[in-house]
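Please read the following report alongside the sequence and the coordinates. The headings mark the topics in turn.

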Amino acid sequence: MAASEKPIRIAVIGGGCAALTAAFELTRPEHNRRYQVTVYQMGWRLGGKGASGRGVAGRIEEHGLHLWLGFYENAFRLMRECYAERNQHFPNARFATWREAFSPAPDVGVADRTQNGWEFWMAHFPPGNGEPGDATTGDPLTVDAYLRQAVTLVVELVRSAGAMETKPSNDAKAEAAPASSAMGPEALLSSISALLRYGQLATTAAIIEASQLLRQAADLLLPQVFSGIGSPIAQLLESLSVASRRRLETLVEEDREVRRVWQVIDIILAILRGSIRGGLALDPRGFDAINDYDWREWLRMNGASEQSLASGFMRGIYDLVFAFEDGDVNRPRLAAGVALRGAMRMFFTYRGSLFWRMNAGMGDVVFAPLYQVLKHRGVRFEFFHRLRNVGLSSAESNEPPYVETLDFDLQAHIAGGREYEPLVDVHNLPSWPSKPHYSQLVNGSAMARTGRAFESAWDTRRAGVKKLKVGHDFDFVVLGVSIGALPDVAGELIDRAPRWQQMVHHGKTVPTQAFQLWMRESTAELGWNFPPPNLSGFVEPFDTWAEMSHLIPEESWPKELRKHPVRSIAYFCSVLPDTAKDGSAVTEQFHRRQKDIVRANAIQFLNSGAGALWPKAVQEGKFRWAILASADKPVAKPGSKRARSNRPGPEQFESQYWSANVNPTDRYVQSLPGSLVHRLSPLDMTFDNLTIAGDWTATGLDSGCIESAVISGLLAAHAISGKPGICEIVGYNHP
């Protein structure tokens with residue numbers, strides 16, 4: 001920027017992933033300080049739904065369970081660049097590199113209910129090529145590429161199922177299906193026709209041969225193989241689907257491992273069949289063409305069996321994205337195109353590891369480094385600013401509509417007019433506290449005594465107001481609040497633009513519930529006989545569990561617990577039934593009732609469901625509450641005479657952490673069938689000096705996750721500066 005030019009002033013509203021990504025991009029050194037960015041944040045910390053804090057004993061307290069997937073290319077690239085830059089300016093901070101902050105989590109499980117109770121299907125996913133955020137080569141994100149990989153997986157799974165089913169007396173049959181030799185298109189079609197003339201694929205050898213021919217067809221004839229309903233290849237796929245369903249029907253209850261493999265085969269064959277019938281390989285909309293259907297509905301239409309659709313594998317997909325309308329677990333709803341795109345990217349494009357765990361809280365690993373880097377670049381942070389209204393220019397003006405004013409409530413003043421310093425140091429790791437630094441606030445002691453809820457919708461107390469004006473305080477706005485908050489702060493925008501009305505009307509969110517346990521016995525001691533998992537598909541009211549014991553060294557438990565230290569940490573989460581879906585306000589009383597419900601749900605779950613995970617955590621049919629570690633009220637060693645004579649009950653759960661995420665800004669953004677077409681892109685310029693940012697916008701991924709949020713932030717930055725280039729955003733404008 002030339003010395004005579006004035007910088008363009010950007011007001012970024014909100015401190016979540018999307019908003020901070022936009023700030024990061026707009027303040028890159030190559031912009032030469034062209035953009036002067038100020039972030040306005042409600043309360044004392046950044047992070048949005050990903051915010052975490054350090055509580056008693058340095059405990060990490062999250063909004064819920066946050067895991068990164070290995071296909072989050074844009075999000076990992078952001079963090080890799082952020083850590084490299086932070087280490088230049090803050091070399092003494094722990095986690096000098098992103099690889100110190102993230103660890104592979106390749107062990108994944110789903111729960112299946114059987115006649116004998118719950119069983120767990122565990123899978124260890126091998127490392128993917130490279131690491132997330134590496135430079136991309138080629139273009140794997142096409143329908144053709146995805147479907148080719150799906151065909152390859154079918155071949156491998158059919159071989160695996162065949163090997164599992166084979167008895168010694170049948171070895172000869174299993175060996176009767178060698179790998180098909182390569183052949184030209186005409187010979188391949190002739191072989192397919194010959195195989196189909198025999199009628200049903202009645203043997204394992206015939207199914208293996210058919211799957212191999214399908215793979216050769218995919219390699220030779222794509223995209224033609226996925227564009228014709230009546231072709232021999234489509235008929236071959238139909239025969240494979242029939243054979244798969246027949247095999248599932250004949251498997252008995254004891255063949256559970258084989259059954260699960262055939263269920264996955266059945267689902268993939270339904271995907272391939274639906275792709276042919278729907279012409280997805282040639283449809284310019286890609287997977288978005290099927291977003292009006294529910295995921296299970298679309299698979300059922302294309303031949304998936306009811307047994308496969310009810311499997312733990314399928315339930316786990318819905319659990320992963322809280323895909324239950326109004327939080328009702330009996331109403332699973334997930335847009336088919338979003339689900340298919342997410343599944344393809346998740347399983348076929350992950351790098352390094354299928355999942356990645358953060359080695360501290362999300363606030364510590366993601367938002368503290370971003371804060372430090374952005375602050376060093378010159379970004380201003382205005383904490384304790386609650387947005388009240390986005391004011392538009394007059395509707396009678398001949399100019400395109402634009403944001404004229406931004407109205408804030410000042411929740412608190414900083415003592416001495418200084419700048420608020422939000423972080424705390426935990427073992428030389430910059431972190432966010434679970435409560436604000438009241439000592440830095442005017443009348444902070446009084447605020448602490450009355451228990452201010454700065455992040456909550458119901459606490460509207462204020463120390464003042466502030467009005468920002470276009471041309472004087474800002475030139476451009478990045479609106480990075482959640483869609484759940486838009487009716488409260490963006491009423492003028494919604495009233496002025498019909499597309500905004502449709503977006504807000506169709507963009508659904510859902511409350512979630514979560515709790516964390518700190519236990520004085522390891523999960524192995526409690527009876528878990530598998531590697532530390534990320535597990536979904538389990539019993540409600542908490543269907544998802546992650547073993548998080550790797551975080552123990554990051555916390556600061558008191559010396560009194562050294563003889564009986566914390567030995568395991570467990571995070572649980574799920575949807576919470578939405579009792580405020582009528583749009584009623586979230587009051588303090590409502591939030592308290594919802595927290596009480598989550599507490600009761602957790603206690604009921606531990607008493608009735610935890611024994612399936614940890615058999616030794618249950619005694620006389622009830623959870624052993626003595627195993628819970630308390631930083632301020634230590635209990636007797638589990639199994640000791642004192643513990644037996646004064647056995648703790650459910651009241652010991654009070655020492656743990658749980659949350660009811662019912663605030664408009666905390667609710668999870670869903671991808672319901674028929675809703676995606678109404679999302680607006682950050683590139684939409686309905687209002688001349690406004691862009692939007694959040695996982696609720698149109699991002700090409702369109703799901704409630706970190707990667708969607710980062711893509712949205714990149715698009716918002718592009719809307720203002722033209723950078724990054726659209727082609728640099730991995731996965732955007734892809735099927």
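## Helix α12 and its cover

In this predicted model, the buried residues of helix α12 are covered by elements that include β7 (107-114), α9 (256-278), α10 (295-301), α11 (306-309), β19 and β20. The helix itself runs over residues 312-320, and its buried residues are G312, M314, G316, I317, Y318 and D319. Just after α12, F322 takes a positive phi of about 50°.

## Aromatic pairs around W545

A pair of aromatic rings is described by the distance of the centres and the angle of the planes. The count of aromatic pairs in the model comes to 45. In one of these, the ring centres of W528 and W545 are 4.9 Å apart and the planes stand at 90°, so the pair is edge-to-face. Because W528 lies in the loop between β18 (512-519) and β19 (534-536), while W545 belongs to strand β20 (residues 544-547), the pair ties together parts that are 17 residues apart in sequence. Both W528 and W545 are buried.

W545 also pairs with F572: here the ring centres are 6.3 Å apart and the planes are at 15°, so this pair counts as stacked. The link joins distant parts of the chain, since W545 is in strand β20 and F572 in strand β21 (residues 568-575), 27 residues apart. F572 is buried, as is W545.

## Enclosed cavities

Rolling a probe the size of a water molecule over the atoms shows where empty space is left. In this model there are 5 cavities of 30 Å³ or more, and the largest cavity holds about 70 Å³ of space. Its lining is formed by I483, M503, H506, G507, K508, V669, Q670, S675, H678, R679 and W696, which divide into 4 nonpolar, 5 polar and 2 charged residues.

The second largest cavity holds about 60 Å³ and is lined by W500, L680, S681, D684, M685, T686, F687, L690, T691 and I692. Strand β26 (residues 690-692) gives the most to this lining, with 3 residues. In the lining of the second largest cavity, 6 residues are nonpolar, 3 are polar and 1 is charged.

How far apart should the ends of helix α22 be, given its 16 residues? At 1.5 Å a residue, the helix (residues 706-721) should span 22 Å, and its end C-alpha atoms are 23 Å apart, which agrees. Helix α22 is mostly covered, with 14 of its 16 residues buried. Just after α22, G722 takes a positive phi of about 80°, and the segment after the helix also holds P724.

E25 lies in helix α1 (residues 17-26). Is E25 buried or exposed? With a relative accessibility of 7%, E25 counts as buried, because the cut-off for that class is under 20%. Leaving aside residues up to four places away in sequence, E25 touches H31, L714, A717 and P724.

## Backbone exceptions

Most residues other than glycine have a negative phi, and most peptide bonds are trans. The peptide bond from E540 to P541 is cis, with omega near 15°, and P541 sits in the loop between β19 and β20. The peptide bond from K723 to P724 is likewise cis, with omega near 0°.

Two asparagines have a positive phi. N32, whose phi is near 55°, is placed in the loop between α1 and β2 (35-40) and is partly exposed, with a relative accessible area of 42%. N428 has a positive phi of about 65° although it is not a glycine; N428 is found in the loop between β13 (424-426) and β14 (429-431), and its relative accessible area of 37% makes it partly exposed.

## Separations in sequence and space

A218, in helix α7 (residues 204-221), counts as buried at 1% relative accessibility. A218 and M447 are 229 residues apart in sequence, and their C-alpha atoms are 66 Å apart in space.

D632 lies in the loop between β23 (622-623) and α21 (641-645) and is exposed, with a relative accessible area of 56%. Between the C-alpha atoms of D632 and H66, which are 566 residues apart along the chain, the separation is 27 Å.

How values were computed. Residues are numbered from 1 along each chain as its sequence is written. This is a predicted model: local features need pLDDT of at least 70, side-chain atom pairs count only at pLDDT 80 or more; totals for chains, interfaces and linings use all residues. Side-chain values use heavy atoms; hydrogens and water are left out. Helices (H or I, at least four residues) and strands (E, at least two) are DSSP runs, numbered from the N terminus. The expected span of a helix is 1.5 Å times one less than its number of residues. Buried means under 20% relative accessible area, exposed over 50%, partly exposed in between (1.4 Å probe, protein chains only). Contact means heavy atoms within 4.5 Å. On a 1 Å grid over the protein atoms alone, a cavity is a set of points where a 1.4 Å probe fits but cannot get out, and a pocket is an open set with protein on both sides within 12 Å along at least five of seven lines; lining residues have an atom within 4 Å of a point. Grid points are joined across faces, edges and corners, and a volume is the space filled by probe spheres set on the points. Ala, Val, Leu, Ile, Met, Phe, Trp, Tyr, Cys and Pro count as nonpolar, Asp, Glu, Lys and Arg as charged, and the others, Gly among them, as polar. Rings of Phe, Tyr and Trp (its six-membered ring) pair if their centres lie within 6.5 Å; planes under 30 degrees apart count as stacked, over 60 as edge-to-face and the rest as tilted.
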